[in-house]
Amino acid sequence: MPVELTWWGHATCTVEDSDIRVLTDPLFARRLAHLRRRRGAVPPPEAWRADVALVSHLHADHLHVPSLARLAPGTRLLVPRGARRSVPALRRLTHLEPTEVAPGDEVPVGDLRVRVVPARHDGRRLPIGRQRSPALGYVVEGEARTYFAGDTGLFDAMEKEVGPVDAALLPVGGWGPNLGPEHLDPGRAAEALARLAPRTAVPVHYGTYWPIGMNAVRPHEFHTPGHEFVRLSALRAPGVAVHRLGHGESVRVEVAR
């Protein structure tokens, strides 16, 4: 059965593998605090359907409680260890089936296995969070092995921790004009691609949200990261098929064993 990846905007993606729908970092909002969605429609109800939702870290644009509340009763939810302590509102989502996880954990979901891997990123609930939770990536293993990086910078053990993968959903930008070392910009994302060497890659986490009133501040950081990632990947990882999707668009993953 084909494996399909759909990008809904920001870090929200659907991975369909082995008749299981995996949803990453659900964010179904037109506005979030000082951010507004500048490109692409808010994901439709089709995007809310999932057997399991994966949350990479506690920042509000990745763990968004109102979006999680839209998931159907019985949906499994994987969140970083300590999330329910740090984000008490999660406890109100009694219709979901949450599990707290940390790097090294493996969770079976039907015919899939979800492997939890580390990320280089501040995992706290900012701006006021004191209690730390790990920032995570996930590898969804079924017919294909699909890496969802969440938010991360490059780290030395990335290739070892993530392992061989067929597809990679890699962040290539952010929601504002400044990215620190704990994020992947197009250049660092292309370097990650060269290290991981999947067959397929999709750039995410760009071209969706931007601070209100900052339309004219370094607009290239909003519009161009996807194009730049495609260009740099062709130089650094020419064997990888990079698909720059529009919001709501999908690609099928070619799997070779």
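Me: Why does Asn215 count as partly exposed?

Reply: In this predicted model, where local features need pLDDT of at least 70, side-chain atom pairs count only at pLDDT 80 or more, and totals for chains, interfaces and linings use all residues, Asn215 has a relative accessibility of 32%. Buried means under 20% relative accessible area and exposed over 50%, with partly exposed in between (1.4 Å probe, protein chains only), so Asn215 counts as partly exposed at 32%. Residues are numbered from 1 along each chain as its sequence is written, and side-chain values use heavy atoms, with hydrogens and water left out.

Me: Which residues does Asn215 touch, not counting those up to four places away in sequence?

Reply: Contact means heavy atoms within 4.5 Å, and on that basis Asn215 touches Arg36, Arg38 and Trp210. Asn215 itself is placed in the loop between strand S15 (209–211) and helix H6 (220–223), where helices (H or I, at least four residues) and strands (E, at least two) are DSSP runs, numbered from the N terminus.

Me: What makes S4 and strand S5 a pair?

Reply: Two strands pair if DSSP finds at least two bridges between them, and S4 and S5 (residues 35–37) are joined in the antiparallel sense over two bridges. Within this pairing, Arg31 has Arg36 in S5 as its bridge partner.

Me: Why is one side of S4 and of S15 left without a neighbour in the sheet?

Reply: The open sheet consists of three strands in the order S4-S5-S15, with antiparallel pairing. Strand S4 (31–32) and S15 stand at the edges and each has a single partner strand, so one side of each lacks a neighbour in the sheet.
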